[in-house]
Amino acid sequence: APAKPVPKPVMPEHLHRIRPEQIAADLALTEMETLQTLTDKRRQFATENHPDRHDPDYRANATLRMKIANMLIDEAQRRLRLMQQR
């Protein structure tokens, strides 16, 4: 008998969330962040979203999520450093 085709994995729901405001909500950034909490949030986000952790067909969404999350965290770190210099 021929082998049954392996079903294609379903894209995880969070990978559908690619708008910056959705990703910002997923990161749950607050005004109380420190450089350490921002680093921790970046690592946690990468644990769930890094493209290498997903099916090749879904890596474009994962890559976009990572780029936007990194941009948001980098901006939060930049603002925090500016406030600390005052």
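Reader: Is Arg65 buried or exposed in this model?

Author: In this predicted model, Arg65 lies in helix α3. Its relative accessible area is 2%, and since a residue counts as buried under 20%, Arg65 is buried.

Reader: Which backbone oxygen lies 2.5 Å from a polar atom of the side chain of Arg65?

Author: The side chain of Arg65 reaches the backbone oxygen of His14 at 3.1 Å, and both His14 and Arg17 are among the residues that Arg65 touches, when residues up to four places away in sequence are not counted. The backbone oxygen at 2.5 Å from a polar atom of this side chain belongs to Arg17.

Reader: Which helices are included in what covers the buried residues of α3?

Author: Helix α3 spans residues 59-85, and its buried residues include Ala62, Arg65, Met66, Ala69 and Leu80. Phe45 touches Arg65, Met66 and Ala69, among others. What covers the buried residues of α3 includes α1 (20-27) and α2 (35-49).

Reader: How many Å does helix α3 reach from its first C-alpha to its last?

Author: Helix α3 has 27 residues, and at 1.5 Å a residue the expected value is 39 Å.

Methods: Residues are numbered from 1 along each chain as its sequence is written. This is a predicted model: local features need pLDDT of at least 70, side-chain atom pairs count only at pLDDT 80 or more; totals for chains, interfaces and linings use all residues. Side-chain values use heavy atoms; hydrogens and water are left out. Helices (H or I, at least four residues) and strands (E, at least two) are DSSP runs, numbered from the N terminus. The expected span of a helix is 1.5 Å times one less than its number of residues. Buried means under 20% relative accessible area, exposed over 50%, partly exposed in between (1.4 Å probe, protein chains only). Contact means heavy atoms within 4.5 Å. A polar contact is a pair of N or O atoms within 3.5 Å; within protein, one must be able to donate a hydrogen and the other to accept it, and residues adjacent in sequence count only if both atoms are side-chain atoms.
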